[in-house]
Amino acid sequence: MKYLLTVSYRKAKKSTMDSFGIYLHIPYCKSKCRYCDFYSAPGARGVPQSYVDALLRELAKKHRRPDTLYFGGGTPALLSPTQVDRLVRAADPLPGAEITLEANPDTVTADSLRGFRAAGVTRISFGVQSADDAQLRRLGRTHTAAGAAGALRMAREAGFPEICGDIMLALPHYTNEEFDATLHLLREGGCTHISAYLLKIEPGTAFARFPPEGLPTPDQAADFYLYAVRRLEEAGYRQYEISNFARPGHEGRHNLLYWNCRDYWGVGPAAHSCLNNRRSFWPDDVQGFINGSTAEQAEGVCDAEDFLLMQLRLCKGLDLDEYARWGGHLTKIQMDFLRHCVAAGYAAFEGNVLRLTPAGMVVQNAILEALI
Ligand code: SF4
């Protein structure tokens, strides 16, 4: 990301006792969803052992035991339980670590879920998206609402302490009733954590080439978001980040590392890392990753500006004392702008903490652009 104004930078001190997470990217999916711009290869029925071996090769270089381990993708549930078990052992997480695995409802069975749990996975995250089968077909998803309910039941029976579900908002022909039905499905399914994202038409996707009919206007999308925030809170899911809601005590520890600018190491093509405030990434090249011909590329430093951007995603907001320790400070012009935001109901100051309200989160990009 590039921003116009450079904020003075001083590296914030991180203690070696700080939390550390490992992200393993699994770039394989059964098929490509029409809205998706993630780096993944369609058509795979499983994850090639050569890819797992490449992850194991890289994990052998790690210097720290992680507090969190995250299998993201793509569709990590295409890994076999044996492959997950080998990767967990190689990552060697600390006792009590959070170990998350992303899944699609139709890529799991009762046996595979029991196997993932036995391998140490504590948190299973399902891309449910909608409880409307016609909507799921429109999105290019390969599961049904009944399939999602079945997968959530099997996850409960397999004994996962944390079960997560994703919902997409402001889909074509969207209604509050569709949201309510999807929330009901996830709640009845025992979800402890829900992520709710607005649909964004990304360049290069099937939706960008063939835009679907019935997309809400930006104002309607904002209303769907605010409705979702309210309904999730009423259902006992407390918002802690712009798109993330959890039963108290069930917040995702791994993603909080990103938003709190802690150390994380991403492994696999298109995976990003930030270690000691230095960012890097792997090129989008599965074959190069497998045969070892690609390497992590430096991407720059994580500075006060990044810290501000990340903290304002969180409901707890930006602590200005901590911001100062990163070398950042708000100028008079920025303070004047923020006072306008407060008066308009988009932001609030509580003592030395600046946070965005739900209405401010809807227009977060515009606020941050103006601020930075
Ligand atoms: S949305 Fe998920 S399942 Fe669909 S193509 Fe993208 S990564 Fe794969």
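I began at one residue pair: Phe349 stands opposite Leu354 in S15. The model I am reading is predicted.

**Sheet S13-S15-S14**

I looked up which strands surround that pair. S14 and strand S15, residues 353-356, pair in the antiparallel sense over four bridges. They belong to an open sheet of three strands in the order S13-S15-S14, with antiparallel pairing. Strand S13 (318-319) and strand S14 (347-350) stand at the edges with a single partner strand each, so one side of each is left without a neighbour in the sheet.

**Strands S2 and S3**

I then turned to a parallel case. Strand S2 (residues 68-73) is joined to S3 by four bridges, and the two run parallel. I noted that Tyr70 stands opposite Thr100 in S3.

Is strand S3 enclosed or open, that is, how many of its six residues are buried? I found six of the six residues of S3 (residues 98-103) buried, so the strand is largely enclosed by the rest of the structure. I also sorted its residues by direction: Glu98, Thr100 and Glu102 point one way, Ile99, Leu101 and Ala103 point the other way, and all are buried.

**Ligand surroundings**

I listed the residues around the ligand: Cys29, Lys32, Cys33, Cys36, Phe38, Ser40, Gly73, Gly74, Thr75, Asn104 and Gly127. By class, I get four nonpolar, six polar and one charged residue in this shell.

**Whole protein**

I counted 15 helices and 15 strands in the protein. Its radius of gyration is 21 Å, close to the 21 Å that the globule rule gives for 372 residues, so the protein is as compact as a globular protein of that length. Along the principal axes, I have the C-alpha trace spanning about 60 × 50 × 40 Å.

**Confidence**

I looked up the confidence last. The protein averages a pLDDT of 93, and 95% of the residues score at least 70.

Conventions:
Residues are numbered from 1 along each chain as its sequence is written. This is a predicted model: local features need pLDDT of at least 70, side-chain atom pairs count only at pLDDT 80 or more; totals for chains, interfaces and linings use all residues. The radius of gyration is taken over C-alpha atoms; the globule rule is 2.2 Å times the number of residues to the power 0.38. pLDDT is the predictor's confidence in each residue, from 0 to 100. A residue is near a molecule or strand if its C-beta atom, placed from the backbone, lies within 6 Å of it. Ala, Val, Leu, Ile, Met, Phe, Trp, Tyr, Cys and Pro count as nonpolar, Asp, Glu, Lys and Arg as charged, and the others, Gly among them, as polar. Two strands pair if DSSP finds at least two bridges between them. A residue is buried if 20 or more other C-beta atoms lie within 10 Å of its own, exposed if 12 or fewer, and partly exposed in between; C-beta atoms are placed from the backbone.
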